Amino acid sequence: MGLITGILTLPAAPVRGIAWVLDKVVRTAEDEYYDPGPVQEQLVQLEQARSEGDIDDEEFDRREEALLHRMEEIRAYQLQRGGP
């Protein structure tokens, strides 16, 4: 970047900085939202609740279906981003 370009684009520097920070915040939020760990943990807890008799099979099936759907969403996101 030349001296004149640097001087002319200087007023836009705060905007570029804010855009960079917002990009990092969005990426971090997406990484947390699409983390399969908590969903896997919920599946384990759900199975444990059923084996202990805390929930019946109908409730188990309903909640398991929702969690498995969430896992599919996570996998699709990871494939789209080129992840595992």
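Let's start at E73, which is partly exposed because its relative accessible area is 31%; on this scale, buried means under 20%, exposed means over 50%, and partly exposed lies in between, with a 1.4 Å probe and protein chains only. Those areas come from the Shrake-Rupley method, with only the protein chains shown counting as cover for residues. Before going on, note that this is a predicted model, where local features need pLDDT of at least 70 and side-chain atom pairs count only at pLDDT 80 or more, while totals for chains, interfaces and linings use all residues. Residues are numbered from 1 along each chain as its sequence is written, and side-chain values use heavy atoms, leaving out hydrogens and water.

Back to E73: its partner is R70, and the closest N and O atoms of this salt bridge are 3.3 Å apart. The term asks for a side-chain nitrogen of Lys or Arg within 4 Å of a carboxyl oxygen of Asp or Glu. Both residues sit in helix α4, 3 residues apart, or about one turn of the helix. Helices here are DSSP runs (H or I, at least four residues), numbered from the N terminus, and strands would be E runs of at least two. R70 itself counts as buried because its relative accessible area is 15%. Elsewhere, salt bridges with shared partners tie E30, D31 and R81 into one network.

Across the whole structure, a search turns up 8 salt bridges. Another one pairs R27 with D23, at 3.2 Å from N to O. These two are about one helical turn apart, because 4 residues separate them in helix α2 (residues 13–33). R27 is partly exposed at 39% relative accessible area, and D23 is partly exposed too, at 34%. Then there is the salt bridge between D57 and R50, at 3.9 Å from N to O. D57 has a relative accessible area of 48%, so it is partly exposed, and R50, at 29%, is also partly exposed.

Now for the inside. The largest nonpolar core has 10 residues: Y34, V39, L46, A49, I55, F60, L67, M71, I74 and Y77. Both α3 and α4 supply at least two residues of this core, and α4 gives the most, with 5. A core of this kind is a set of buried Ala, Val, Leu, Ile, Met, Phe, Trp, Tyr and Cys residues joined through side-chain atoms within 4.5 Å.

On the surface, D56, E58, D61 and E65 gather in a patch of negative charge. Patch members have over 30% relative accessible area and no salt bridge, with like charges joined within 9 Å and nonpolar side chains (Val, Leu, Ile, Met, Phe, Trp, Tyr) within 5 Å. Asp and Glu count as negative, Lys and Arg as positive, and His and the chain ends are not counted. Each charge is placed at NZ of Lys, CZ of Arg, CG of Asp or CD of Glu. D56 lies in the loop between α3 (36–51) and α4 (57–81), and is partly exposed at 48% relative accessibility.

P14, in helix α2, is exposed because its relative accessible area is 52%. From P14 to R63 is 49 residues in sequence and 46 Å in space, C-alpha to C-alpha. E41, in helix α3, is partly exposed at 48%, and its C-alpha atom is 35 Å from that of I18, 23 residues away along the chain.

Note on methods. Accessible areas come from the Shrake-Rupley method with a 1.4 Å probe; for residues, only the protein chains shown count as cover.
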